[in-house]
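Reader: I would like to learn how to read contacts, ring pairs and sheets from a set of coordinates. Could you take me through them one at a time?

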Protein chains: 2
Amino acid sequence: AVVDRGVDFANYFCTYAFLYHQKEMLSDRVRMDAYYNSIFSNKHHFVGKTVLDVGTGSGILAIWSAQAGARKVYAVEATKMAEHARELVKANNVQDVVQVIEGSMEDVTLPEKVDIIISEWMGYFLLRESMFDSVIFARERWLKPNGIMYPSHARMWMAPIRTGLTDQKKHDYDGTMEDWLYFVDDTKNYYGVDMSILTKPFDAEQRKYYLQTSLWNNLHPDQVIGTSAVIKEIDCLTATVNDILQVRATFSSSITAEDTRLCGFTGWFDVHFRGRKENPAQQEIELTTAPSMDNCTHWGQQVFLLHSPVRVHEGDDMIVNFSMSRSKENHRLMDVELGCEIKQSSGRELADVHIVKL
Amino acid sequence: AVVDRGVDFANYFCTYAFLYHQKEMLSDRVRMDAYYNSIFSNKHHFVGKTVLDVGTGSGILAIWSAQAGARKVYAVEATKMAEHARELVKANNVQDVVQVIEGSMEDVTLPEKVDIIISEWMGYFLLRESMFDSVIFARERWLKPNGIMYPSHARMWMAPIRTGLTDQKKHDYDGTMEDWLYFVDDTKNYYGVDMSILTKPFDAEQRKYYLQTSLWNNLHPDQVIGTSAVIKEIDCLTATVNDILQVRATFSSSITAEDTRLCGFTGWFDVHFRGRKENPAQQEIELTTAPSMDNCTHWGQQVFLLHSPVRVHEGDDMIVNFSMSRSKENHRLMDVELGCEIKQSSGRELADVHIVKL
Ligand SMILES: Nc1ncnc2c1ncn2[C@@H]1O[C@H](CSCC[C@H](N)C(=O)O)[C@@H](O)[C@H]1O
Ligand SMILES: Nc1ncnc2c1ncn2[C@@H]1O[C@H](CSCC[C@H](N)C(=O)O)[C@@H](O)[C@H]1O
């Protein structure tokens, strides 16, 4: 699928051109601490080295890399944010080290290969936005044979949850459909046109919107009602685009909460900064977006609702089939399919399989 | 400026592909009544005639035209909504008369010229969306020499107002800037990067967002505090794209309310269905989006705030300079400039001139 640059800009990059949006990321303490510590606890990786920051945004990671002792930092940014990054670099007196380059990673030419690629490329549930593609591209083209990836590893996690969102979304959906039926009546009575033929497509549209779209949420850890599982591991040094086009996993989980409702599943990710085998981190840093009371991130978790919650009990086991692939219309969005089989003392139950947009 | 089709679709057409959005327009009683009455009170225009519906959406205007006795209706729609229009046409048994054509008005070929062009092309403050361009294109190419435009005329109006929105937006803006200053402090203290250089561009961005964007509002008629003025008249039969690229007007208005605050100006539009001189309407219909208690429309009014409200008194006169042109980045959006001079018994006062996005 050929991606139209202009369309991709209108749909995706445009938001990153706002300082307001950059500020949201820069205000995410968990995110900031992880990158900050990964760099400053591992200065030996940076001192005297060349660094490429893929998607530098405000320039923060590039500036830190310079402050940690890098010899040269190439900071590539597709949007006009590059201009602000350049100002910020200068205001922080690292303009001799950091070179901001405005352009798509796929298009720019660097004067040399680099020792480190650093990037904050993670979208919702890790892969939304498909930005890791650009990091892979950069790695293949610009990382030296013994170069290091920051972060070096990434994982996707899933776990069963309970949540009030199921009832809320069902309520919203019911409301919109009820309203539609009045609308059909009115249009027939007042304007002589029978719209009832559109009830089915309208229903499909509203289901997609209210029921078949994954939801952003910061879950309380108590809402996780069973064991969690890693469904994908990525070695940032070796992963190919092909490895991340699809994520398929079958995992098992046991209910750990007492008597409760299984309302769906949640997905989150973590990334690690470990350096590489021949040149490991002195201190390994983890950035996790797991449900937490004190360490919420702007990524939150993604919630995939089952629209008929299932009564479950401590010790119930389930097998979950998960599959995620890129949406045909927009390679930066994902289609998710989820099915679940629950083995209860009373027998077997199947929770509905459905397709959801992420 | 060449318009990229894909980008235009991503930014503009996409919303019209949702039944939810079409339903919003179909639920606008003022809008629906006006078009319905314009057609059914003027059947003599339609009986046995050929009609082109530019941007048929759900197909409603095409179906009405057929029901009023048209011989043939070409219903052109750029989005996938065309498929629903086709279903609706069939369900209402006018498939022999209405031919739905999926495509851009600029691209499609009709088998014949038409007697009537009907279209609901009006955006916020009439011209937002620049869809009238496509109607002009259709008229030049497909309307017979004696053909009729539905609607036939359009006008833009402005009037001075008072509103609590000034204080509200100022409050929101102040809040976001206060928050920014804390953010700059924190980033310096915790992460060793001085972001203060970005305060100015952040401020500019937030001003644009909170203070320099016109606002959608359904005003209460009491909020209009002075005489209103027509700032633009369009004859849909003769207007060219050149005529609507820019709207410049200098108008005067007198304060009619007692002692109050001039907070800004509002803009709305009306359109008329009058047929044409040689073939007039039997009953002229008006569709107005003026401030009203009982006849609100989904267009509401556009509000342009002055960010230093001015104390005014009954009888104060003002001269307002208004200028609107298409935004360079997106031809469907507008840049508005507004300046105002108030002659008070106490002397002359200038209210701030500024540029606003619509
Ligand atoms: N292919 C590509 N080329 C250049 N920049 C890209 C890109 N894909 C995404 N980006 C940019 O990457 C940034 C990701 S957000 C992270 C910003 C910054 N590194 C920080 O950590 O705060 C955005 O600003 C986006 O515009
Ligand atoms: N150049 C163009 N060619 C075809 N359709 C267009 C167009 N510009 C706008 N449209 C379509 O015009 C519609 C305007 S909204 C009005 C819909 C319908 N006529 C009604 O009155 O309810 C949208 O569905 C939009 O997709």
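**Reading contacts, rings and strands**

Author: Let us begin with one side chain in this predicted model: apart from neighbours within four places in sequence, A:T176 is in contact with A:F202, A:Q206, A:Y210 and B:Y20. The residue A:T176 itself has its place in helix α8 of chain A.

Reader: Is A:T176 buried or exposed?

Author: Burial is read from the relative accessible area, for which the cut-off is under 20%; A:T176, with a value of 7%, is therefore buried.

Reader: How many aromatic pairs are there over all chains, and how should I read one of them?

Author: The count over all chains comes to 40 aromatic pairs. One of them joins A:W180 and A:F183, whose ring centres are 5.1 Å apart and whose planes make an angle of 50°, which makes the pair tilted. Both residues belong to helix α8 (residues 165-191) of chain A, and because they are three residues apart there, about one helical turn separates them. A:W180 and A:F183 are both buried.

Reader: Which parts of chain B does the pair of B:W121 and B:F132 tie together?

Author: This pair is tilted, with 4.2 Å from centre to centre and 35° between the planes. B:W121 lies in the loop between β4 (114-119) and α7 (132-142) of chain B, whereas B:F132 lies in helix α7 of chain B, so the pair links parts that are eleven residues apart in sequence. B:W121 is buried at 2% relative accessibility, and B:F132 is buried with a relative accessible area of 2%.

Reader: Which charged residue sits over the ring of A:F183?

Author: The charged end of B:K23 does, at 5.7 Å from the ring centre. In another such arrangement, B:R29 lies over the face of A:Y190, 4.1 Å from the centre of the ring.

Reader: In what order do the five strands of the open sheet in chain A come?

Author: In general, the strands of a sheet pair through backbone hydrogen bonds, and the pairing is either parallel or antiparallel. In chain A the order is β3-β2-β1-β4-β5, with parallel pairing. The edges are taken by β3 (98-102) and β5 (143-150) of chain A, each having a single partner strand, so that one side of each has no neighbour in the sheet. From one strand to the next, the twist averages 20°.

Reader: How many bridges join strand β2 of chain A to β3(A)?

Author: Five bridges join β2 (residues 72-77) of chain A to β3(A), and the two strands run parallel; A:E77 has A:E102 in β3(A) as its bridge partner. Helix α6 (residues 81-91) of chain A packs on the sheet, where it touches β2 and β3 of chain A, and its direction makes about 165° with that of β3(A).

Note on methods: Residues numbered from 1 in each chain as written. Chains lettered and ligands numbered in written order. Predicted model: local features only at pLDDT ≥ 70, side-chain atom pairs only at ≥ 80, totals over all residues. Heavy atoms only, no water. Phe/Tyr/Trp six-rings, centres within 6.5 Å; stacked < 30°, edge-to-face > 60°. Helix = DSSP H or I, 4+ residues; strand = E, 2+ residues; numbered from the N terminus. Buried < 20%, exposed > 50% of the residue type's maximum accessible area, 1.4 Å probe, protein only. Lys NZ or Arg CZ within 6 Å of the ring centre and 35° of its normal. Contact = heavy atoms within 4.5 Å. Pairing = 2+ DSSP bridges. Axes fitted to C-alpha atoms, helices over the stretch in contact; angles between N-to-C directions.
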